[in-house]
Structures are given as structure tokens and as C-alpha cells.
Amino acid sequence: MSAIQPAQIKQQAVRLAQEFSSPDVFISKLHTLLEFYANRTHRPGQFSTTPTILPSYNAPDPVLRQVLIALKPQAESKPQETLALCTRLWEAAWLETRILAARLLGQIPLSCQESILGLIDEWVTPAIDPQVLKEVLTTGLSRVRRDAQDAYFKIVERWLNAETGYRKIGLQALKQLLKDEKFENFPPVYRLLMPVITTVSDDRKHEVLPVLQSLSRRVPQEAVYFLRQSLVHAQPNPDIVLWLIKKCVPEFPEELQVKLRGTMREMDARRKW
């Protein structure tokens, strides 16, 4: 692997970006660049600590970051051509090309929202590589999540209402939304989460827990009410909801922890009665 020199990689990325309008040439030269920085001492899938199912050059992430910086002006000014390049990058089916596709998609103006969501629908399936999914949910959907929340909630709702593999993706998308400290539109989150919590199976409860923990930290007062309501709707089998509440208790301030523990004791007493 060649050592990264900031000035050199910047020049290489700028030259690569000149092929923006010729996707096949761009991808060929991108492969050459990634090969130049490939780390052959790492095992396959060592682009990060998350396993990958795709072939990878294990190139350092600053390489892709610099390429994205060089492409940003075109993504803003030529969204249709950028969409075409995103499609070809995805079709190349390497870890780095798909990560770059996701990151580049997040730079396209929302005037192309329908096309952006169309690609998301094509790309996101239960079989998607976990590293690529993370990029799609964090950067690929970043503008939609920030500036077109109704559309974001619609796609999350489709995932949550689909088969099990998609539901997990929908929960990850909600967790990503809750990470944004500027996000304040919580009622749609409650609406989407309630049927998931009250129907989740025992073997899937661990997928729901991180979202509830994030919610508990962000809006503790509202989360207490929401969790107590979920117990009401979970009758006559509240065991899983009780487990979820128990795991969420440490996320709350002390006074709310007391309230939640009281709720759990009341439920236990009713069941024994």
C-alpha cells in the first residue's frame, strides 16, 4: 500500500473527477486509484471492523473522502449525471464503489428526490452489505432525512411493514434519525414504533432495543409515557415490552427510573393477582 500524501491524493482525486461525465472511464480509473492504495496485508473485508460480503481493496477511507470532495461541485450542478454515475458505481459491486455511490447520492439536491429514493429502493434489501447499508442510511439519505422528513418517514414505514429483514433496516434508519440532535419531530417516530414494539417477537427484541434506548436519552419525559402506553397496548402478553423497559431504565434520569420501576412493579402485581 502506498502511503497517503495529502497533496498527492488531492491531485489524483481532481484528475479522477475530470472523468465525471464518462462513468465507465471514471470507474476504470477509480479502480486504478484504489489499487494504488490497496492494503494487501489486511484480510478481505477489513475496510473497517465490520465484515463485508463484497470484494474490497481495503484502501484507506481518506482516499474515498478526497474523491467525494472533488466530485461535490458536479453533484450539485449536474444531478442527473451524478445519478447515472451513482448507478454505475453501485453496479461495479466493490465495497469502495458502493460506499462512494452512497456518499455521492447524499450530495445530490432534493430537486431529484424521487430519483434518489428510487435508487434507495433498488439498493436496500435484506441482503445488502452491512457496511454499505450504514453508508446508505447515514450519508446516502442525509439530505432526505434533514430536509424531506415526510419522504424519509414513508420509506422507513415501508421497511418496518415489510418482511423481517426490512424491519431491521427500518429500525436502523430510525436510530440514525434520533442521532441528529436537531431532530425534534417525534410524533411520527412514536407512531411507527408502537406497532413494532407491541408485536415484536422474542428473537427480534434486540433489534428494537437500541432505538428505544436512543429515544429514552433524547426525550426522556415523552419516552416514559410512550413506554407505559406500549405496555397497555401489549396486553395480554407484555413480557417482551417489560423486558425492553427494564433494559431502557438506565438511560433515564433517576426520578424517571423510579417511575418506570414502579410501573413494572404494578404490572407484575396485576399479573400475579
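A: Helix H12 is mostly covered, with ten of its 14 residues buried, where buried means under 20% relative accessible area, exposed over 50% and partly exposed in between (1.4 Å probe, protein chains only). The model is predicted: local features need pLDDT of at least 70, side-chain atom pairs count only at pLDDT 80 or more, and totals for chains, interfaces and linings use all residues. Residues are numbered from 1 along each chain as its sequence is written, and side-chain values use heavy atoms, with hydrogens and water left out.

Q: Which residues of H12 are buried?
A: They are Lys205, Glu207, Val208, Leu209, Val211, Leu212, Gln213, Ser214, Leu215 and Ser216.

Q: What covers them?
A: The cover includes helices H10 (164-179), H11 (187-199), H13 (220-233) and H14 (239-248). Helices (H or I, at least four residues) and strands (E, at least two) are DSSP runs, numbered from the N terminus.

Q: How do H10 and H12 lie relative to each other, parallel or antiparallel?
A: Their axes come within 9 Å and cross at roughly 20°, so the two helices are roughly parallel. The contact (heavy atoms within 4.5 Å) is made by Lys168, Leu171, Leu174, Lys175 and Leu178 of H10 with Glu207, Val208, Pro210, Val211, Ser214, Leu215 and Arg218 of H12. By class, these residues are seven nonpolar, one polar and four charged. Axes are lines fitted to C-alpha atoms, for helices over the stretch in contact, and angles run from 0 to 180 degrees between N-to-C directions. Angles under 35 degrees count as roughly parallel, over 145 as roughly antiparallel, 65 to 115 as roughly perpendicular and the rest as oblique. Ala, Val, Leu, Ile, Met, Phe, Trp, Tyr, Cys and Pro count as nonpolar, Asp, Glu, Lys and Arg as charged, and the others, Gly among them, as polar.

Q: And H9 with H10, at what angle do they cross?
A: The axes of H9 (residues 149-161) and H10 cross at roughly 145° and come within 7 Å. Among the residues that meet are Phe153 and Trp159 in H9, and Ile169 and Leu174 in H10. That contact has eleven nonpolar, two polar and one charged residues.

Q: Changing topic: where is alanine 84?
A: Alanine 84 is in helix H4 (residues 79-92). It counts as partly exposed because its relative accessibility is 36%.

Q: Finally, how many helices and strands are there in the protein?
A: There are 15 helices and zero strands. Of the 273 residues, 51% count as buried.
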